[in-house]
Amino acid sequence: MNRLLNRVEEVLVIAFMALATLITFVAVLHRYLSGLAIPVVQDWLLGLRFSWSQELTIILFVWMAKFGAAYGVRTGIHVGVDVLVNQLGDSRRHLFILFGLLSGALFTGIIGTLGVLFVWENGAHYASFHALGMDVSALTEGPVTPDLEWPTWMVYSAIPLGSSLMCFRFLQVAWNFSRSGELPHHDHGHVDGLEAEGPPAAGEEDRIYRMDDNLHPHDIESGQEPHAQDKGDRP
């Protein structure tokens with residue numbers, strides 16, 4: 001179940017980012033090509049309506065940020081100031097880290113709860129009662145977005161969903177840390193597709209290149225400098 005949740009989280013973040021990038025590219029391309037005096041094509045492009053692209057891109061980035069924040073907690077990529085905490089003893093350091101994780105869970109839990117109430121009052125209650133065939137005469141349908149005319153409660157659902165997932169991730173990390181004492185760690189120096197350099201091949205351990213004079217590196221096994229034949233050409 002946890003692996004499925006991890007996969008869904010990653011797919012959502014990638015999908016939101018890819019869609020936002022694609023929509024922005026198409027909108028910019030449309031704007032550029034619409035300015036070219038191409039018969040028939042220019043009239044067709046001007047007839048296309050892309051005013052909604054900016055609004056949808058903003059919505060996608062908001063959703064990406066909320067779910068990306070939960071992903072960051074799980075993988076340990078959030079930036080933290082731990083200079084003072086690392087100076088403490090093991091027992092106190094353990095307590096401070098656990099306190100920080102539980103504080104993060106409390107904060108995001110509160111935001112998630114308030115987000116549910118906000119979304120419910122913003123029109124989700126009307127949509128729910130209407131879908132169930134209940135009386136909605138005393139309820140308001142709620143506002144919609146300016147360009148796409150989507151119900152705003154659907155857009156704002158990113159707050160309770162993303163914050164609740166982030167709260168769960170904080171609790172998950174806190175639980176694992178209390179049992180193993182380990183935190184998720186991300187190597188910021190790692191580049192995907194670039195493998196780490198392996199150990200030297202057999203027989204190469206002693207072939208060390210040095211710069212004793214800070215000018216001419218040489219192989220200490222042969223005792224000769226590379227490009228030594230060019231030294232006579234130097235002034």
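Predicted model: local features only at pLDDT ≥ 70, side-chain atom pairs only at ≥ 80, totals over all residues.

Mentor: Residues are numbered from 1 along each chain as its sequence is written, and side-chain values use heavy atoms, with hydrogens and water left out.

Trainee: Which pattern does the chain follow along the sequence?
Mentor: Helices (H or I, at least four residues) and strands (E, at least two) are DSSP runs, numbered from the N terminus. The chain has 6 helices and 2 strands. Along the sequence the pattern reads α-α-α-α-α-α-β-β.

Trainee: What percentage of the 235 residues of the chain count as buried?
Mentor: Buried means under 20% relative accessible area, exposed over 50% and partly exposed in between, with a 1.4 Å probe and protein chains only. Of the 235 residues, the buried ones make up 26%.

Trainee: How are helix 1 and helix 3 oriented, roughly parallel or roughly antiparallel?
Mentor: Axes are lines fitted to C-alpha atoms, for helices over the stretch in contact, and angles run from 0 to 180 degrees between N-to-C directions. The axes of helix 1 and helix 3 are 9 Å apart, at an angle of about 150°. Angles under 35 degrees count as roughly parallel, over 145 as roughly antiparallel, 65 to 115 as roughly perpendicular and the rest as oblique. The angle therefore makes helix 1 and helix 3 roughly antiparallel.

Trainee: How many charged residues does the contact of helix 1 with helix 3 have?
Mentor: Contact means heavy atoms within 4.5 Å. Ala, Val, Leu, Ile, Met, Phe, Trp, Tyr, Cys and Pro count as nonpolar, Asp, Glu, Lys and Arg as charged, and the others, Gly among them, as polar. Residues of this contact include E9, E10 and F16 of helix 1 and W63, F67 and R74 of helix 3. By class there are 16 nonpolar and 5 polar residues, and the number of charged ones is 3.

Trainee: Helix 4 and helix 6 also come together; how do their residues in contact divide by class?
Mentor: The axes of helix 4 (residues 90-131) and helix 6 (residues 158-180) come within 8 Å and cross at roughly 160°. That makes helix 4 roughly antiparallel to helix 6. The contact residues divide into 17 nonpolar, 9 polar and no charged.

Trainee: Where does V40 lie, and is V40 buried or exposed?
Mentor: V40 is not a glycine, yet its phi is positive, near 70°. V40 is in the loop between helix 1 and helix 2. With a relative accessible area of 65%, V40 is exposed.

Trainee: Is T145 buried or exposed?
Mentor: T145 is in the loop between helix 4 and helix 5. Leaving out residues up to four places away in sequence, T145 touches E55, W150, T152 and V155. Its relative accessible area is 9%, so T145 is buried.
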